[in-house]
Amino acid sequence: MDLGIAGRGALVCAASKGLGRGCAEALAHEGVEVTIVARTESALRQTAEEIGAAAGRSVQWVACDITTAAGRAAALARCPDPDILVNNAGGPPPGDFREWDRQAWLAAIDANMLTPIELIKATIDGMIARRFGRIVNITSSAVKAPIDVLGLSNGARSGLTGFVAGLARKVAGHNVTINNMLPGQFDTDRLRGNMENRARTRGKPFDEVRRAAMAGIPAGRFGSPAEFGALCAFLCSTHAGYVAGQNLLIDGGAYPGTF
């Protein structure tokens, strides 16, 4: 299927690895002019080179902290008028809410709620003027089914979800869509880190915790960043203009609900 977005410009956040990289790869292979953002310059440069070589096109990159005003300014200076925005940032650490002070909560809200909102604010009017825009926010399956040890993430990402729900309906008539992707357990560094924490907490071997986690997923495995990226690319396509304000759960069937 031709997604109809060749030549469009995309800004993809936290894209040096994991789900952000999966999205950047999928978009680049569709002919999109991709700019990727992450904090670690060496890893980001290598990722840009690898994606560019595989897709046969140059991939721009900006090493910055997207959760800061300076970082967002740097990213938008390199990609000032994106047609596609993929919001993504590493989630806050797991733990017990009794251990989190005000600063921990503000850091989580800044990274996982206010940063996407600021990037949307900076880019959405240009999308409206061009009558094409696709915004995808990578949130978490925890928005649908909260995870007790990820309370910081539960709260911050749910706040973003509530904000987007209203805005998405206001801009859909301009051919600008905003949707959220809710990943379950994907084979990323973030997942491995959470499992290592779980293994330490429970006093069990890492491999045992990993096998148990996979056994609890109807698909019998963790997701891959590539298949996550493929769904993201479709949401960014010309064919997805009627998909607006949705929370798309991609978790191998782990969520047990009907709705």
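This is a predicted model: local features need pLDDT of at least 70, side-chain atom pairs count only at pLDDT 80 or more; totals for chains, interfaces and linings use all residues.
## Basis of the model

Local features require pLDDT of at least 70 and side-chain atom pairs pLDDT 80 or more, whereas totals for chains, interfaces and linings use all residues. Residues are numbered from 1 along each chain as its sequence is written, and side-chain values use heavy atoms, without hydrogens and water.

## Nonpolar cores

A nonpolar core is a set of buried Ala, Val, Leu, Ile, Met, Phe, Trp, Tyr and Cys residues joined through side-chain atoms within 4.5 Å; buried means under 20% relative accessible area (1.4 Å probe, protein chains only). The largest such core has 33 residues, and Val12, Leu27, Val34 and Ile36 have the most contacts inside it. Among the elements giving it two or more residues are strand E1 (9–12), helix H1 (18–29) and strand E2 (33–38). H1 gives the most, with six residues. Helices (H or I, at least four residues) and strands (E, at least two) are DSSP runs, numbered from the N terminus.

Val12 touches residues including Leu27, Val34, Ile36 and Val86, leaving aside those up to four places away in sequence; contact means heavy atoms within 4.5 Å. A second, separate core of 23 residues includes Leu85 and Ile120.

## The cavity

A cavity is a set of points on a 1 Å grid over the protein atoms alone where a 1.4 Å probe fits but cannot get out; lining residues have an atom within 4 Å of a point. The whole structure holds one cavity of 30 Å³ or more. The largest cavity has a volume of about 80 Å³, the space filled by probe spheres set on the points.

Its lining has 15 residues, with Asn87, Asn88, Ala89, Ala111 and Pro116 nearest the centre. Helix H4 (102–130) is one of the elements giving two or more residues, and H4 supplies the largest share, five residues.

Methods:
Buried means under 20% relative accessible area, exposed over 50%, partly exposed in between (1.4 Å probe, protein chains only). On a 1 Å grid over the protein atoms alone, a cavity is a set of points where a 1.4 Å probe fits but cannot get out, and a pocket is an open set with protein on both sides within 12 Å along at least five of seven lines; lining residues have an atom within 4 Å of a point.
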